[in-house]
Amino acid sequence: MTEILVVDDSKVMREMIVACLRVIEAFTFTHAASGLEAIEKLALKDFDLVVLDLNMPDIGGFEVIEFIRGQDKLKRLPILVVTTRGDEGSRSRALGAGASQFMTKPFTPDAILANVQSMLRQDAAGFHE
């Protein structure tokens, strides 16, 4: 099974992301409604991929990325940022901090599924550093 952590303060958005990815039966999902909750879940369980929003009320997505990349056991974990922040500064900052891919909302189900599958294939092939 492929464990995916979906982090967004919007329950509706978390459910939409899961609905797009649920077509792959091997995927299982854990939800986090905040950056702090995401960090707690990452400390307690192993995940194969994180889908992460940048805009959250406590610890933001940039800080979650920095936390993940600062942990030896997590530094290779693929991170897909899915956000409303489509400006180049946010994109550059997220990728510079260590996000693997960056998508803006709204997205199509096919686009998010393709990104997740590509990231998991690359990770399995050992392309993530």
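Visitor: What makes the pairing of the side chains of lysine 105 and aspartate 8 a polar contact?
Guide: In this predicted model, the side chains of lysine 105 and aspartate 8 are joined at 2.7 Å. The cut-off for a pair of N or O atoms is 3.5 Å, so the pair qualifies as a polar contact.

Visitor: Why is lysine 105 called buried?
Guide: Its relative accessible area is 16%. Buried means under 20%, so lysine 105 is buried. Lysine 105 lies in the loop between strand S5 (101-104) and helix H5 (109-124). Leaving aside neighbours within four places in sequence, its contacts are Asp8, Met13, Asp53, Val82, Thr83 and Thr84.

Visitor: What is the peptide bond from lysine 105 to proline 106, cis or trans?
Guide: That bond is cis, with omega near -5 degrees. Proline 106 is also placed in the loop between S5 and H5.

Visitor: Why is leucine 36 called partly exposed rather than buried or exposed?
Guide: Leucine 36 has a relative accessibility of 40%. Leucine 36 sits in helix H2 (residues 35-44) and, apart from neighbours within four places in sequence, is in contact with Asp58 and Ile59. Its C-alpha atom is 10.0 Å from that of valine 7, which is 29 residues away along the chain.

Visitor: How do you know that H1 and H5 are roughly perpendicular?
Guide: Helix H1 (residues 11-21) packs against H5 at about 70 degrees, with the axes 9 Å apart. Roughly perpendicular runs from 65 to 115 degrees, so the term applies to H1 and H5.

Visitor: Which residues meet there, and how do they divide by class?
Guide: Ile17, Cys20 and Leu21 in H1 meet Pro109, Ile112, Leu113 and Val116 in H5. By class, this contact has seven nonpolar, no polar and no charged residues.

Visitor: Why are H3 and H4 described as roughly parallel?
Guide: Helix H3 (residues 61-69) and helix H4 (residues 88-97) pack at about 15 degrees, their axes 9 Å apart. Angles under 35 degrees count as roughly parallel, and H3 and H4 are therefore given that description. The crossing of H3 past H4 is left-handed.

Visitor: What makes up the contact of H3 with H4?
Guide: From H3 come Phe62, Glu63, Ile65, Glu66 and Arg69, which meet Ser90, Arg93, Ala94 and Ala97 in H4. These divide into four nonpolar, one polar and four charged residues.

Methods. Residues numbered from 1 in each chain as written. Predicted model: local features only at pLDDT ≥ 70, side-chain atom pairs only at ≥ 80, totals over all residues. Heavy atoms only, no water. Axes fitted to C-alpha atoms, helices over the stretch in contact; angles between N-to-C directions. Helix = DSSP H or I, 4+ residues; strand = E, 2+ residues; numbered from the N terminus. Parallel < 35°, antiparallel > 145°, perpendicular 65-115°, else oblique. Left-handed = near helix turned anticlockwise from the far one by under 90°. Contact = heavy atoms within 4.5 Å. Nonpolar A, V, L, I, M, F, W, Y, C, P; charged D, E, K, R; others polar. Buried < 20%, exposed > 50% of the residue type's maximum accessible area, 1.4 Å probe, protein only. Polar contact = N/O pair within 3.5 Å; in protein donor to acceptor, adjacent residues only side chain to side chain.
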